[in-house]
Amino acid sequence: QPRARMRARRAAGAVARTDHPMAAGRIHQRGRGGRLIGSRRTRRPTCCAATKVPILVNSTAGKMGFATAESVVMAGLELVPVSFSAVAARERVSVEGVPVDVWPIQERDRVIREVKEKHPGLLVIDFTLPDAVNSNAEFYLEHDLPFVMGTTGGDREKLLKDVGDGGHYAVIAANMGKQIVALQAMLQYAAREFPGAFSGYKLDVVESHQSTKVDTSGTAKDIVLSFNDLGMPCEEEDIRKVREPGQQMSEMKVPEEYLRGHAFHTYTLTSDDGTVNFQFQHNVCGRRFYAEGSVDAALFLAKQIESKSEKKLFDMVDVLNAGAMR
């Protein structure tokens, strides 16, 4: 049953590998309070049609949402100056000089009507909390808001069914990192073409995220499915989580400045006699990597809507297949 649940999650998106934030074409940026928040690609031009797409990021009150809103602005796109969160009263945050009003969730039905009138063609990028995934999706469906769901967790089977049955435009993925998605797609291909190729090997999986992430990484769970098909049994409970900062730095080699925002994964494949070893790693420092992927997904979705695509529910593999990478 756990494996069946993990396979259902795979339908929600793909995952696995990335470049270090010091890679060429990136520069470090500082966020609120001067804190180093990760890398940023230099501003890249977007097509004229895409710049007309208004994007609402839900929620800019959170770290991932804030990084995504920054990426929207840095891409030269229109950031809708409204967001929603579990706040007691309206708050205001500044995103790259754009003032964004964060409204209490209980007021979102009223506020969204006004927002839709002012911003026709509105798209939403969701980076909120796992326990809000399904209720947020229901809200988007009710108000006919195309969306990119970057938040992990929730009831993924229900999420996919609700969106599919509703004939709603959406991109739903467990990971928005394009290169990670490409690696997972490669592993899925290997699993299809060479099933059981690693039979007899032992799989060890360890993942490290900021201490505030209490659930097991959706990325790790998705990648394990491909390794299962390649002949290595592994269940969700076998994935080791590292959340203690000292251990993250000593064992996983996470830079201290990224303890509050990172995703380090290691998959080790060892033969039964211990003489052969394979290892896959994908280590992400900061949140910019995922934020930029979600913006690309939003632009991809806008094009599908414009072309009146018969297919309406997509994942990040669809985004990659379309060559929708800036």
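Reader: Ground rules before we start?

Author: This is a predicted model, where local features need pLDDT of at least 70 and side-chain atom pairs count only at pLDDT 80 or more, while totals for chains, interfaces and linings use all residues. Residues are numbered from 1 along each chain as its sequence is written, and side-chain values use heavy atoms, with hydrogens and water left out.

Reader: How many salt bridges in the whole structure?

Author: A search of the whole structure gives 15. A salt bridge here is a side-chain nitrogen of Lys or Arg within 4 Å of a carboxyl oxygen of Asp or Glu.

Reader: Start with K178. What does K178 pair with?

Author: D296. Their side chains form a salt bridge at 2.4 Å, N to O. K178 sits in helix 7 and D296 in helix 10 (residues 288-306), so the pair links distant parts of the chain, 118 residues apart. Helices are DSSP runs of H or I, at least four residues, numbered from the N terminus.

Reader: Buried or exposed, K178 and D296?

Author: K178 is buried, with a relative accessible area of 6%. D296 is buried too, at 1%. Buried means under 20% relative accessible area, exposed over 50%, and partly exposed in between, using a 1.4 Å probe and protein chains only.

Reader: Now helix 6. What does D162 bridge to?

Author: D162 bridges to K158, with the closest N and O atoms 2.7 Å apart. The two are four residues apart in helix 6 (residues 156-165), so about one helical turn separates them. D162 is partly exposed at 24% relative accessibility. K158 is partly exposed as well, at 34%.

Reader: And E114, which partner?

Author: R110, at 3.6 Å, N to O. E114 and R110 lie four residues apart in helix 4 (residues 108-118), so they too are about one helical turn apart. E114 has 42% relative accessibility, so E114 counts as partly exposed. R110, at 39%, is also partly exposed.

Reader: Switching to packing. At what angle do helix 7 and helix 8 cross?

Author: Roughly 20°, and the axes of helix 7 (residues 178-193) and helix 8 (residues 218-229) come within 8 Å. Axes are lines fitted to C-alpha atoms, for helices over the stretch in contact, with angles from 0 to 180 degrees between N-to-C directions. Helix 7 and helix 8 are therefore roughly parallel to each other. Angles under 35 degrees count as roughly parallel, over 145 as roughly antiparallel, 65 to 115 as roughly perpendicular and the rest as oblique.

Reader: Which residues make the contact?

Author: Helix 7 brings I180, Q184, L187, Q188 and A191, and helix 8 brings T219, D222, I223, S226, F227 and D229. Contact means heavy atoms within 4.5 Å.

Reader: How does helix 4 sit against helix 5, then?

Author: The axes of helix 4 and helix 5 (residues 133-142) come within 12 Å and cross at roughly 40°. That makes helix 4 oblique to helix 5.

Reader: Who touches whom there?

Author: R108, D109 and I112 of helix 4 meet S135, N136, F139 and E142 of helix 5.
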